[in-house]
Amino acid sequence: MSKELSKFISLVLRHEPTKFGVVLDSAGWTSIDVLIDRIRASGFPDVDRAALDAVVENNNKKRFTISDDGLRIRAAQGHSVEVDLGLASKQPPAVLYHGTATTNLESIKDKGLLPGKRQHVHLSSDQDTAISVGTRYGKPVVLSVDASRMFEDGIRFFQAENGVWLTDTVPAKYLDIDQAIAATRSR
Ligand code: HQG
């Protein structure tokens, strides 16, 4: 139940607030009272503030942030609706990782990493996270991103409240894409 609820809250706060009668402000925040009301009306009649707090607290990726005054909530990252999270640009670790499916490699070699429906390309500082991200779409492969060179070249990075690294796009020249393709072929 808490996983289902977490997925539903992700859907509302990242992708389809309007469909469920929720209004996000420009930074992605919305009233917790209203959200709970909408959650109850959408197939989770027993959810109260304590249940919501438990989902936020126990979420394995800390996907949701509650405002300091305790009244509002937002998704930490992953939005397809347009929001400005207001994150300060930050120097990333020298290397970041992106997990994808092997079937995407040729297209990524051609176009680089694109955000798709989301607002940013999502990167992680550890390879294990990247593998589990890639597994969602097929046989996973982890790409290394030369974040230090991107940063030197003036490309901005942001770190979401839950630690996920965000950037607009990753041109293919910053990826070990040929190596990844060769490794996939020799498997
Ligand atoms: C791929 C999850 C072809 C990209 C995760 C990915 C993350 C390309 C897919 C967060 C491409 C987009 C985001 C290109 C990128 N050609 N394919 N040029 N450029 N792709 O779900 O990064 O669990 O929008 O590799 O943990 O997989 O939901 O992005 O496979 O943090 O909280 O296009 O979602 O978080 O897929 O995942 P997604 P993602 P949650």
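Threonine 30 touches Leu13, Val22, Val23, Leu24, Leu35, Leu71, Arg72 and Ile73, not counting residues up to four places away in sequence. Contact here means heavy atoms within 4.5 Å. The model is predicted: local features need pLDDT of at least 70, side-chain atom pairs count only at pLDDT 80 or more, and totals for chains, interfaces and linings use all residues. Numbering runs from 1 along each chain as its sequence is written, and side-chain values use heavy atoms, with hydrogens and water left out.

## Around threonine 30

Threonine 30 sits in strand β1. Strands (E, at least two residues) and helices (H or I, at least four) are DSSP runs, numbered from the N terminus. The residue is buried, with a relative accessible area of 6%. Buried means under 20% relative accessible area, exposed means over 50%, and partly exposed lies in between (1.4 Å probe, protein chains only).

What stands opposite threonine 30 in β3? Isoleucine 73 does. Strands β1 and β3 run antiparallel and are joined by two bridges. Two strands count as paired if DSSP finds at least two bridges between them.

Strand β3 also pairs with β2 (residues 64-66), in the antiparallel sense, over three bridges. There, isoleucine 66 stands opposite isoleucine 73. The hairpin of β2 and β3 has five residues between the strands. In that hairpin, glycine 70 takes a positive phi near 75 degrees.

In a regular strand the side chains alternate between the two faces of the sheet.

## Salt bridges

How many salt bridges does the structure hold? There are eight. A salt bridge is a side-chain nitrogen of Lys or Arg within 4 Å of a carboxyl oxygen of Asp or Glu. Side chains of opposite charge can pair when their charged atoms come close.

| Arginine 72 | Aspartate 25 | 3.3 Å |

Aspartate 25 and arginine 72 form a salt bridge. The pair links distant parts of the chain, 47 residues apart. Aspartate 25 lies in the loop between α1 (2-15) and β1 (30-31), and arginine 72 lies in strand β3 (residues 72-75). Aspartate 25 is partly exposed, at 33% relative accessible area. Arginine 72 is also partly exposed, at 31%.

Is arginine 74 buried or exposed? Arginine 74 is buried, with a relative accessible area of 4%. Glutamate 161 is partly exposed, at 37%.

Aspartate 146 is partly exposed, at 27% relative accessible area. Arginine 149 is partly exposed as well, at 32%.

## The β5-β8-β7 sheet

An open sheet of three strands has the order β5-β8-β7, with antiparallel pairing. Strands β5 (121-123) and β7 stand at the edges, each with a single partner strand, so one side of each is left without a neighbour in the sheet. Two bridges join β7 to β8. Glutamine 159 stands opposite tryptophan 165 in β8.

Phenylalanine 158 lies in strand β7. Its side is well covered by a simple number: phenylalanine 158 is buried, with a relative accessible area of 12%. Leaving aside neighbours within four places in sequence, phenylalanine 158 is in contact with Leu87, Ala88, Ser89, Val164, Trp165 and Leu166. Phenylalanine 158 and arginine 14 are 144 residues apart in sequence and 17 Å apart in space, C-alpha to C-alpha.

## The ligand

Which residues are closest to the ligand? They are Lys61, His98, Ser107, Arg136 and Tyr137, among 18 residues that surround the ligand (a heavy atom within 4 Å).

A polar side-chain atom of arginine 14 lies 2.7 Å from an oxygen atom of the ligand. For serine 107, such an atom lies 2.5 Å from a ligand nitrogen atom. Taken alone the ligand exposes 770 Å², and the protein buries 85% of that. These accessible areas come from the Shrake-Rupley method with a 1.4 Å probe.

Key
A polar contact is a pair of N or O atoms within 3.5 Å; within protein, one must be able to donate a hydrogen and the other to accept it, and residues adjacent in sequence count only if both atoms are side-chain atoms.
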